[in-house]
Amino acid sequence: MPRVIDREQVLHVARLARLRLEDGDVERMTGELSGILEHVDRIAELDLEGVEPTSHVVVLENVLRADEPRPSLAPEQALASAPDPDRGAFRVPSPQADA
Amino acid sequence: MGELLDLTVAEAAAKIAAGEISAGEYFEAWQGAAAGDELNAYLWSVEDASTYEVQDGPLRGIPVAVKDIFCTEGTPTTAGSRILEGYRPPYTATAVQRLDAAGARVLGKTNMDEFAMGSSNENSAYGPVLNPWDHGRVPGGSSGGSAAVVAGGLAPCAIGTDTGGSIRQPASLCGIVGLKPTYGAISRYGMIAFASSLDQCGPLTRDVTDAALMLSALHGRDPLDSTSVGIEGGIEAPSAEDLSGLRFAVPAELAGDGMEAGVREVFEATLKRIEELGGEVAELPLPHAEHGISAYYVIAPAEASSNLARYDGVRYGARAETAADLLEMYETTRAEGFGAEVKRRIMLGTYALSSGYYDAYYGQAQKVRTKIAEDFRAAFEGFDFVVTPTSPSVAFGLGEKTADPLAMYLNDFFTVPMSLAGIPAISIPAGLAEPAGGGPQLPVGFQIAAPAFAEQKLLEAAFALEQGIGFEARPGGEDG
């Protein structure tokens, strides 16, 4: 039985999700996702033409508040948990390996 | 000491308010109990309570176990994930603040499935929680630690979160009460997000009265969560003595195969009990409910894939140190920091939202959700409540379902439809049953669902039924 999702798709989705998969993981993930999607695909057969998709379960309209300044986290608090804080900013590796 | 721990929250709060016991003495007794955790149920518990300033309020002096998904300022908050190991949030979740303001105090942070994804607590990066009834079995999940501490006598009460059953199912498997309020009843601010359109905080307690007491403190509109609305009219201690005049619907679609014989027996006995208490029971179609799992396992992973994008090793949490460039840092941090189930759901959700598949999966699932909500609305035109077993089985063995993700997902069969419809539902212990594979008897939960924001009515019915059932069995003890 052909799988709902193949190896190439799994690698593509992993790239989109910024998730590195080991070779063994790709094979297992392909099988597991296919199994789950086969079950999920049952809803594809339902005729739901014209049904409004749910956007929110409780009827709420235009929840507004006054646009007033209020205190927020101090910079040192916001940086306190950062793996590599530097001069009031979050430092990260260069986007280009050899830059 | 033992007598102090036998009190329900409502009883203890009354004694503290009357000056019969001191808040400090009561808290210390529970600290001692929590320190004896042999269930791996706590990830952190308070050591020094001497700076504890008791606020006056309905929960004055009450220790609360808090699922480790709620941010608590300055104390570790991991959401059961390696990626948040050592993280100490700079602020406290509104739900915890509200408990504080009512006089309660955090006793400890409880173990959970990583980012609340799981039904057995086996997805925690910090090891599974053991079921206090049988240490070889799971406590359910994802609020497994919160359920185990209450059932196992390690906390008088707890809070958890429920996205597709994560309060109700562990409450059922541990023989306690678990309430998932209406979406919007309690603020989600500071509750680490899994699936934002479904996540809801709620209490796990020994009895229905305690659930009401905690809900009355927890609910309310919060300017920091624009989807929060609170419960109009507030919540009072339930006092109903019977169920006369109330109509209970049993969904035909949810009563089929896949339910353990023992669970079915307890469920049917409970329906009889409802009738003895003056309630009326009838079957009713809920035609789309059986598609709940399919819709849920598109919607929840889709939202999770977006919510979990924030764990990238930049602002907080773990970072992979060996990466040569930014992209590799992201990919390696997430590969090392997330467990298998979280990765699976991120992949599933990313796929469902990706170009070309969005309408077929996410769009269709949100339409199914609309139909499920319509089914419930139609049911509530002729009935007061919809009832089901909470879980298709009693607590299963550790490792029994970990190899098959789909089998694990089907644990949520009875609880997911209410989550998708955003309506409140409670699980109360209804009896004991032998597991399918044999062995000592284990608790079975009974689920009651009500229309949105009808929590008071739900608690009244649950209270009357609880009194009628008289469930008093405890882990390791004699049958009640």
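In strand E3 of chain B, B:Val106 is the bridge partner of B:Val64. E2(B) and E3(B) pair in the parallel sense over five bridges; two strands count as paired if DSSP finds at least two bridges between them. This is a predicted model, in which local features need pLDDT of at least 70 and side-chain atom pairs count only at pLDDT 80 or more, while totals for chains, interfaces and linings use all residues. Residues are numbered from 1 along each chain as its sequence is written, and chains are lettered from A and ligands numbered from 1 in the order in which they are written.

- Strand E3 of chain B covers residues 105–110. Helices (H or I, at least four residues) and strands (E, at least two) are DSSP runs, numbered from the N terminus.
- Six of the six residues of E3(B) are buried, so the strand is mostly covered. Buried means 20 or more other C-beta atoms within 10 Å of the residue's own; exposed means 12 or fewer; partly exposed is in between; C-beta atoms are placed from the backbone.
- E1(B) also joins E3(B), through three bridges, and these two run antiparallel.
- B:Ser45 stands opposite B:Gly108 of E3(B).

**The sheet of chain B**

- Eleven strands of chain B form an open sheet with mixed pairing. Their order is E1-E3-E2-E4-E6-E5-E10-E11-E9-E7-E8.
- Strands E1 (42–45) and E8 (280–284) of chain B stand at the edges. Each has a single partner strand, so one side of each is left without a neighbour in the sheet.
- Neighbouring strands of this sheet are turned by 30° against each other on average, direction ignored.
- Strand E7 (247–251) and strand E9 (385–389) of chain B pair in the parallel sense over two bridges. B:Phe248 has B:Phe385 in E9(B) as its bridge partner.

**Helices of chain B**

- Helix H8 (261–276) of chain B lies across E7, E8, E9, E10 (425–433) and E11 (442–449) of chain B. H8(B) runs at about 115° to E10(B). Axes are lines fitted to C-alpha atoms, for helices over the stretch in contact, and angles run from 0 to 180 degrees between N-to-C directions.
- Helix H9 (292–307) of chain B has 16 residues and reaches 22 Å from its first C-alpha to its last, close to the 22 Å expected. The expected span is 1.5 Å times one less than the number of residues.
- H9(B) is mostly covered, with 14 of its 16 residues buried.
- Helix H10 (326–337) of chain B has twelve residues and reaches 16 Å between its end C-alphas, close to the 16 Å expected.
- The buried residues of H10(B) are B:Met329, B:Tyr330, B:Glu331, B:Thr332, B:Thr333, B:Arg334 and B:Gly337.

**Chain B overall**

- Chain B has 15 helices and eleven strands.
- Its radius of gyration is 21 Å, close to the 23 Å that the globule rule gives for 480 residues, so chain B is as compact as a globular protein of that length. The radius is taken over C-alpha atoms; the rule is 2.2 Å times the number of residues to the power 0.38.
- The C-alpha trace of chain B spans about 70 × 55 × 45 Å along its principal axes.
- Of the 480 residues in chain B, 62% are buried.

**Chain A overall**

- Chain A has three helices and two strands, in the pattern α-α-α-β-β along the sequence.
- Chain A has a radius of gyration of 23 Å, whereas a compact globule of 99 residues would have one near 13 Å.
- Its C-alpha trace spans about 55 × 50 × 20 Å along the principal axes.
- Buried residues make up 17% of the 99 residues in chain A.

**Where the chains meet**

- 42 residues of chain A are in contact with 55 residues of chain B. Contact means C-beta atoms, placed from the backbone, within 7 Å.
- Helix H1 (7–16) and helix H2 (23–40) of chain A are the elements that give two or more residues to the side touching chain B. H2(A) gives the most, with seven residues.
- By class, this side of chain A has 29 nonpolar, seven polar and six charged residues. Ala, Val, Leu, Ile, Met, Phe, Trp, Tyr, Cys and Pro count as nonpolar, Asp, Glu, Lys and Arg as charged, and the others, Gly among them, as polar.

**B:Tyr87**

- B:Tyr87 lies in the loop between strand E2 (63–67) and helix H4 (94–101) of chain B.
- B:Tyr87 has 17 C-beta neighbours inside 10 Å, so it counts as partly exposed.
- Not counting residues up to four places away in sequence, B:Tyr87 touches A:Ser81, B:Pro76, B:Thr77, B:Thr78, B:Tyr316 and B:Gly317.

Definitions and conventions: Two residues are in contact if their C-beta atoms, placed from the backbone, lie within 7 Å.
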